[in-house]
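Here is a short briefing for anyone meeting this structure for the first time. Have a look at the sequence and the model, then read on.

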There are 2 protein chains.
Amino acid sequence: MSSVLAAASESDWRSPAPEQTLLMDLPQGTVIIELAAGFAPNVTDNIRTMIEARFFDAASVNRSQDNYVAQWSVAPQDGIPVALPKGVHDSVAAEFFRPLKGLDVDWLDSSDVYAEQVGFVGGFPVASNSAAGTAWLAHCYGMVGVGRDVATDSGNGAELYAVTGHSPRHLDRNVALIGRVLHGMELLTTLPRGSGQMGFYEPSEQPVPINSIRFATDTSGIKVLRTGTDTFRQLVEARRYRADEWFVDKVEKVSLCNIPVPVKVNN
Amino acid sequence: MSSVLAAASESDWRSPAPEQTLLMDLPQGTVIIELAAGFAPNVTDNIRTMIEARFFDAASVNRSQDNYVAQWSVAPQDGIPVALPKGVHDSVAAEFFRPLKGLDVDWLDSSDVYAEQVGFVGGFPVASNSAAGTAWLAHCYGMVGVGRDVATDSGNGAELYAVTGHSPRHLDRNVALIGRVLHGMELLTTLPRGSGQMGFYEPSEQPVPINSIRFATDTSGIKVLRTGTDTFRQLVEARRYRADEWFVDKVEKVSLCNIPVPVKVNN
């Protein structure tokens, strides 16, 4: 796989658009998140408004559940939820899947336990049901989603999570996914686990402060491999068929969440 | 799922046999590992001899690769590999799979991308190929395996790893798995990632010392749900069909590595 990447041409890589790129600044470093276009536009717009209003400057990671998610939001003040910035909708109708039609999918040529068809759209893992004509982003490691209560419109983007463990694909089509962590996942996965229910930090435990979440201004140092390229297809095939001498069983199978889309960051 | 577990009877739980239970003492706490019987007996015996000789008291975690594995071994002294204790074999013939015959498998009634049949044997996730008549432990989160070089007999148990990320099922049938972490996974998953190739710690980074690995003497405070019980089958069905009101899509699918076998530990 390293030889496939070494042979990649400059044009196989893209820099994410600054307006689709979030920099989440933690005391430990910066987590870079790319927003996906076309899957959950309304809640993404809501998040965009929150970021522009610097809403997340008061946020903290308040949940870290082993083999599941790290989650962040703005803690209530004196038990009262913090007011959302002007222009932010308190509720957003569910955007858990979308029409398959209109998507340019790089199919993986294999189904999996959770979906009949899987592949990539613009660098993001997707799954689909061709009979229903629907498609959705898939809960692979590093995907970022919108926490919600029981009401399906209750996820407004003020509470976000990243998948830090084995892919919880049962969440697919039950929550809006909005993007994925391109860089800095280890800053989230190494956070202390919360000892409360579902990994929430107890009052005695220190939530991890988030200094800020901002849009990137210059993304030229961030390069994501284009999933529509021959290089990416070769990479998938190299993951499917393990040519390396070490592998006595060449596998000949690959599942969606075992294909991280390569990212290079020049710090 | 919590209601299924709450209704479990005392006899649905078992304490692992002390001679199958390892206590890996780290400065941060204790990782409890249960050894699987019947899959890799020779390398497991080798490890047993090493533990009895207190070989791992000089060990450290020297590799932590994000979304993959944490790995430990005894570092060479002045560039010279540390001698193995008396009675430990330097090489062990591959035990990457075994005959399916003779195994009492609690089947999951679903295949997955990597195997035609999957299920559980004595609390461990297994996969099988009925045509070939073979079965093997599956690389789910928390499984513990035997690091090896290119030679298939080079894994002698002196270098072990635990899966800390999305299941690397492509390693199935390429490495011997010997058990799984019952408790304390977060002590391994929260370790700083190594900045060297494949997550190895660089000389400038501090390997995480292992104080000792010992067999447990009293396991009465450790309870693992028996996978052959109705309670476990109900738990699997509750994971397959998500009755909870929160789930608008009830899923109706479940994959092997999304079924952690429940463990209770009284500290």
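**Disulfides and their surroundings**

B:Cys140 and B:Cys257 form a disulfide, with their sulfur atoms 2.0 Å apart; a disulfide here is a pair of cysteine sulfur atoms within 2.5 Å. This is a predicted model, in which local features need pLDDT of at least 70, side-chain atom pairs count only at pLDDT 80 or more, and totals for chains, interfaces and linings use all residues. Residues are numbered from 1 along each chain as its sequence is written, chains are lettered from A and ligands numbered from 1 in the order in which they are written, and side-chain values use heavy atoms, leaving out hydrogens and water.

**More on the disulfides**

- The link of B:Cys140 and B:Cys257 is left-handed, with -75 degrees about the S-S bond.
- This pair joins distant parts of chain B, 117 residues apart: B:Cys140 is in the loop between strands S10 (134–137) and S11 (143–146), and B:Cys257 is in the loop between H4 and strand S17 (263–265). Helices (H or I, at least four residues) and strands (E, at least two) are DSSP runs, numbered from the N terminus.
- Both B:Cys140 and B:Cys257 are buried; buried means under 20% relative accessible area, exposed over 50%, and partly exposed in between, with a 1.4 Å probe and protein chains only.
- Over all chains, the count comes to two disulfides.
- In chain A, the sulfur atoms of A:Cys140 and A:Cys257 are 2.0 Å apart and form a disulfide.
- That link in chain A, between A:Cys140 and A:Cys257, is left-handed too, at -75 degrees about the S-S bond.

**How the two chains relate**

- Chain B superposes on chain A by a rotation of 180 degrees with 0.0 Å of shift along its axis, at an RMSD of 0.0 Å. That is the relation of a two-fold axis.
- The same surface serves both copies, as 100% of the contact residues of chain B recur in chain A. Contact means heavy atoms within 4.5 Å, and copies are superposed by least squares on the C-alpha atoms of residues with pLDDT of at least 70 in both.

- The largest nonpolar core has 95 residues, and the members that touch the most others are A:Leu137, A:Phe232, B:Leu137 and B:Phe232. A nonpolar core is a set of buried Ala, Val, Leu, Ile, Met, Phe, Trp, Tyr and Cys residues joined through side-chain atoms within 4.5 Å.
- Helix H4 of chain B spans residues 230–240, and its buried residues include B:Phe232, B:Leu235 and B:Val236.
- Among the elements covering the buried residues of H4(B) are helix H1 (2–6), strand S8 (117–121) and strand S16 (222–225) of chain B.
- Beyond its neighbours within four places in sequence, B:Phe232 has contacts that include B:Phe120, B:Leu225 and B:Ile259.

**Rings and charges**

- Six aromatic pairs are counted over all chains. Rings of Phe, Tyr and Trp (its six-membered ring) pair if their centres lie within 6.5 Å; planes under 30 degrees apart count as stacked, over 60 as edge-to-face and the rest as tilted.
- The ring centres of B:Phe55 and B:Phe56 are 5.4 Å apart with planes at 75 degrees, so the pair is edge-to-face.
- B:Phe55 is buried, with a relative accessible area of 9%, and B:Phe56 is buried as well, at 1%.
- B:Phe120 and B:Phe232 have ring centres 5.0 Å apart and planes at 80 degrees, so they too are edge-to-face.
- B:Lys264 lies over the face of B:Trp13, 4.2 Å from the ring centre; a charge sits over a ring if NZ of Lys or CZ of Arg is within 6 Å of the ring centre and within 35 degrees of the ring normal.
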